[in-house]
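Hello,

I am handing over the structure I mentioned, and I hope you enjoy looking through it. Please open it below before reading on.

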Amino acid sequence: MAWVLRARPPSVELTFGSFVRSSGSGIFEGTWTGDAEAGPLRSTTPFGSGVLVEGDALYLVPPGHMLEGIYLCRRAGELVASNSLVGLLGPALDQGNWWVIVENMHVVSPRPGQTNEIDVHSNVIDGRGNATACTSYGVVLDVAAVAPASGVGIFRNNIIRGGECNNNAWDFYEADVLADPRIFENNDLDPYSSPTDLYFDEAATGIDLAADVDLLLDMSVSGTLSSNPTFVAYPGNLHIAAGSPCDGAGTPNGAPALDMDGDARDLGTPDIGADEI
Ligand SMILES: [Ca+2]
Ligand SMILES: [Ca+2]
Ligand SMILES: [Ca+2]
Ligand SMILES: [Ca+2]
């Protein structure tokens, strides 16, 4: 049921599972109401999602309900979209340098016995939302039905912004007592819009100081900061401005060689976030 669109103009790659319908007008997973001949992609009530092709244009078709969404990542000259966050994370985040703007991002740790480990490096992750009574998260870490024996997942050099929902916004949220990252280094837990907590530990305890995040004992953690990254023009331009506290504050461990612009990273002290200045 999962599909992944990777657009690097002029080329577009579309990969999808066996339960996704495909035709000359695009792909779709799910069902729909309305005109059967017009098909799901032009329905006003699609119960699923897909991609509509019209001439040289591609349209992402989200579901007509609020239970699922479409996840997007972009960087210079490239965009990845998927109805599956796992599908998106595979080709995208593990290569770093992405601007990630999703609502209520939800990361599930691999099941026990799986060797793949999510490596989220040098990104801008933003829970978005709006300044009303809603709930937003930068990252939610949860576990599968059988939880891993110990922490899983690497998070380094990311700017993580919880979003701007009034009174209900978290930068990083452990949704289960066993949902711990394995490594959490040099992330900026952005204080933007005064999140409820910078870090929600063990699905129980809010932590509001970066220094206290660095004291957690159930993951390898260091270098956390909580500073305004001073984007050039949020949300349209997520480059960091000269003098940003993220400049030179990253760890070189596992850092990608290039930033989102293709600029070489500082090999010793890379910047936090998708941009290197
Ligand atoms: Ca724990
Ligand atoms: Ca924890
Ligand atoms: Ca740059
Ligand atoms: Ca720099």
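This is a predicted model: local features need pLDDT of at least 70, side-chain atom pairs count only at pLDDT 80 or more; totals for chains, interfaces and linings use all residues.

Residues are numbered from 1 along each chain as its sequence is written, while chains are lettered from A and ligands numbered from 1 in the order in which they are written.

Let me start with an open sheet of four parallel-paired strands, in the order S11-S14-S17-S21. Strands here are DSSP runs (E, at least two residues), numbered from the N terminus, and two of them pair if DSSP finds at least two bridges between them. S11 (119-121) and S21 (220-222) are the edge strands with a single partner strand each, so one side of each has no neighbour in the sheet. Within this sheet, three bridges pair S11 with S14 (residues 154-156) in the parallel sense, and His121 has Arg156 in S14 as its bridge partner.

A second open sheet has four strands in the order S3-S4-S5-S6, with antiparallel pairing. Its edges are S3 (21-23) and S6 (57-61). S4 (residues 26-33) and S5 (residues 45-54) run antiparallel, joined by eight bridges, and Trp32 stands opposite Pro46 in S5.

Finally, have a look at S13 (residues 136-142): five of its seven residues are buried (20 or more other C-beta atoms within 10 Å of their own, with C-beta atoms placed from the backbone), so S13 is largely enclosed by the rest of the structure. S13 runs parallel to S16 (residues 169-174), with five bridges between them; Ser136 has Ala169 in S16 as its bridge partner.

Best wishes

Conventions. A residue is buried if 20 or more other C-beta atoms lie within 10 Å of its own, exposed if 12 or fewer, and partly exposed in between; C-beta atoms are placed from the backbone.
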